[in-house]
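The following note sets out several points for discussion with the coordinates open. Please read each against the structure shown here.

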Amino acid sequence: MTAKNTALIPVDGHVHLHSSARAPAALDAAAAHFRQARSAPSGCLGALLLTQAAGERVFEDLMGRSACGSWEIRHVPDEPQSLIATRQNEWIAIVCGRQVRCERGLEVVGLGTLQEFVDGNRLHETIRHVQASGALACLPWGFGKWSGARGRLVRTALDANDVNSLTVCDNGGRLEVLGRPGLLREAERRGFKVLPGTDPFPLGEDYRRTGGFGFFAAAPGRERPWHDMMGWILAQEQSPGPYGRALGPFRFLYNNIGIQWHNRRKRKEA
């Protein structure tokens, strides 16, 4: 359990920056959301857990920079999968992770890793590969993906894994009025930790949602921020406390129509 005097920070557990050009505005948006979620005026504002899909290289680009907009970028010598974005007396931990596509459009996320994984394998194989890498394996909920036959695959994966070897991710892109999806609630009842995140889409200004939906974790140190956060998450007896709201009906409709158009255009360009 969390000690009452432990300082907590907001953590967005599912972040796509999508492009380096959007990264400065996404960091600014995250800082604003983190301040709303936590009243502390300085120090560690929060953390962004990146879930880069195949072909996304924003973290690698940031590694080669000294600045991102108004933010100074610092390396973490003992933790290459983490960066520190600093502005005046505030800082945000940025932790690299990978999103891996597997059978039937389902996904597995490896949190806290630079390692790249092969897309297209079966769900259980992908989970095993991510776990073997030392990353924290996570099953992210996706609209329309956790029902029917695919929902049964997710439930089978939960049956096959220990609650300390696999987590699940709530998604800030879902419809708020419907509440947390049933299979996510079931996973949490069974002891799997739910780590919410925004999952911003690569269209319009959706990147401005970054940092607005997530969970609270103990404030990490600058020396090994992901090591500190992962250790704290795994030590908890239940899911960390969530913060933020998912989407209203109009934004939800706009985003889901927009992403279909965006994906269709990408397929034509390929």
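**Notes on the predicted model**

1. Strands S5 and S6 form an antiparallel pair with 6 bridges. Within this pairing, Ser82 has Val95 in S6 as its bridge partner. The two strands make a hairpin with 2 residues between them, where Gln88 adopts a positive phi near 55°. The model is predicted, and the remarks below should be read accordingly.

2. S6 also pairs with S2, here in the parallel sense, over 6 bridges. Leu48 has Ile94 as its bridge partner in S6. Because 6 of the 6 residues of S6 are buried, the strand is largely enclosed by the rest of the structure. Burial applies to both faces: Glu90, Ile92 and Ile94 lie on one side, and Trp91, Ala93 and Val95 on the other. In a regular strand, side chains alternate between the two faces of the sheet.

3. Which residues have the most contacts inside the largest nonpolar core? They are Leu17, Leu27, Leu48, Ile92 and Ile94, in a core of 26 residues. The elements that contribute two or more residues to this core are helix H1 (23-37), strand S2 (43-50), helix H2 (58-63), strand S4 (71-75), strand S5 (82-87) and strand S6 (90-95). H1 provides the largest share, with 7 residues.

4. Beyond its neighbours within four places in sequence, Ile94 contacts Leu27, Leu48, Leu50, Phe59, Leu62, Gln81, Ser82, Leu83 and Ala85.

5. The geometry of H1 can be checked by its length. At 1.5 Å a residue, its 15 residues should span 21 Å, and the C-alpha atoms at its ends are 21 Å apart, so the two values agree. The buried residues of H1 are Ala23, Ala25, Ala26, Leu27, Ala29, Ala30, Ala31 and Phe34. An α-helix has 3.6 residues a turn, so residues three or four places apart point the same way.

6. Arg74 belongs to strand S4. Is Arg74 buried or partly exposed? Its relative accessible area of 37% makes Arg74 partly exposed. Apart from residues up to four places away in sequence, Arg74 touches Leu83, Ile84, Thr86 and Arg222. Its C-alpha atom is separated by 8.3 Å from that of Met63, a residue 11 places away along the chain.

7. Strand S9 (residues 136-140) is mostly covered, with 5 of its 5 residues buried. Leu136, Cys138 and Pro140 point one way from S9, while Ala137 and Leu139 point the other way. S9 pairs with strand S8 (residues 107-111) in the antiparallel sense over 3 bridges, and Val109 has Cys138 as its bridge partner in S9.

8. S9 pairs with strand S10 (residues 167-169) in the parallel sense, again with 3 bridges. Leu139 stands opposite Val168 of S10. Together with helix H4 (residues 148-160), S9 and S10 make a right-handed β-α-β unit.

9. How many disulfides does a search of the whole structure find? The search finds 0. For Cys96, the closest cysteine sulfur is that of Cys68, and the separation of 15 Å is too far for a bond. Cys96 is buried, with a relative accessible area of 0%. Cys138 is likewise in no disulfide, the nearest cysteine sulfur being that of Cys169 at 4.8 Å. Cys138 counts as buried because its relative accessibility is 2%.

Note on methods:
Residues numbered from 1 in each chain as written. Predicted model: local features only at pLDDT ≥ 70, side-chain atom pairs only at ≥ 80, totals over all residues. Heavy atoms only, no water. Core = buried A, V, L, I, M, F, W, Y, C linked by side-chain atoms within 4.5 Å. Buried < 20%, exposed > 50% of the residue type's maximum accessible area, 1.4 Å probe, protein only. Helix = DSSP H or I, 4+ residues; strand = E, 2+ residues; numbered from the N terminus. Contact = heavy atoms within 4.5 Å. Expected span 1.5 Å × (residues − 1). Disulfide = S-S within 2.5 Å. Pairing = 2+ DSSP bridges. Right-handed = clockwise from strand over helix to strand, strands pointing away.
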